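Please look over the structure below with these notes beside it.

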Amino acid sequence: KRFYNIDKERTYLYGSCAGGLDALLLSVRYPSYFAAVAVEGPEIHYTVCENNQGHCEYPVDWIKKTNILNHLDNLLNTPIFIINSKNDKKTCYELCNAIVKNINDNSGYAIVDEVANPTKNKDISLMTENYNMAKVFSFFEGRQKEMPSMINFSTYQLKYNTSDWLAIDKINIPKKALIKGSYKNNHIKIESENI
């Protein structure tokens, strides 16, 4: 920001495939940074660790702590746009829809666009980038980061400890830290667990 004229109120995040997964992870960990987030075919799946099947190279507990689904409350103040086809073999269609449903059921704003369900796998891609990017920029248009009056935030790590006007400075490790804050008429109400 020292070198470039970056408008912090209009910073947007986009990612495709593995970049879509990373975009969702960044938005969950740093919810204050983005006015809106869009992803195309995010490479998200349940892991063998979560399903308790086969060999897992990571501890199951670590997988759960870093899982996007375990921190969807962090996205309630960020508009989310997911482009995903049920014929995209590299992503889980059901998980994308579950993310959108969870956010909307909890008073957030998320939409999924199935772009007429073209086939997409390692050998063929019928999703045209210019068509998708036009949808993404249309979704971003006019969106601006606003200071929310209500925040729900969770984390397992102090390096991801801030959401807008709330910051956590101590966690009862290894439990999940949860904080809910709201302000109205010069009154702030805070509820927390494991903080």
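1. Between which two elements does the loop with Asn84 lie? Asn84 sits in the loop that runs between β3 (80–83) and α4 (93–105). Helices (H or I, at least four residues) and strands (E, at least two) are DSSP runs, numbered from the N terminus.

2. This is a predicted model, in which local features need pLDDT of at least 70 and side-chain atom pairs count only at pLDDT 80 or more, while totals for chains, interfaces and linings use all residues. Residues are numbered from 1 along each chain as its sequence is written, and side-chain values use heavy atoms, with hydrogens and water left out.

3. Asn84 counts as buried because its relative accessibility is 0%. Buried means under 20% relative accessible area, exposed over 50%, and partly exposed in between (1.4 Å probe, protein chains only). Leaving aside neighbours within four places in sequence, the contacts of Asn84 include Gly41, Cys92, Val112 and Met127; contact means heavy atoms within 4.5 Å.

4. The whole structure has nine aromatic pairs. In one, the ring centres of Tyr30 and Tyr33 are 5.2 Å apart and the planes at 45°, so the pair is tilted. Rings of Phe, Tyr and Trp (its six-membered ring) pair if their centres lie within 6.5 Å; planes under 30 degrees apart count as stacked, over 60 as edge-to-face and the rest as tilted. Tyr30 is partly exposed at 27%, and Tyr33 is exposed at 52%.

5. Phe139 and Phe140 also form a tilted pair, because their centres are 6.3 Å apart and their planes at 55°. Phe139 is buried at 6%, as is Phe140 at 7%.
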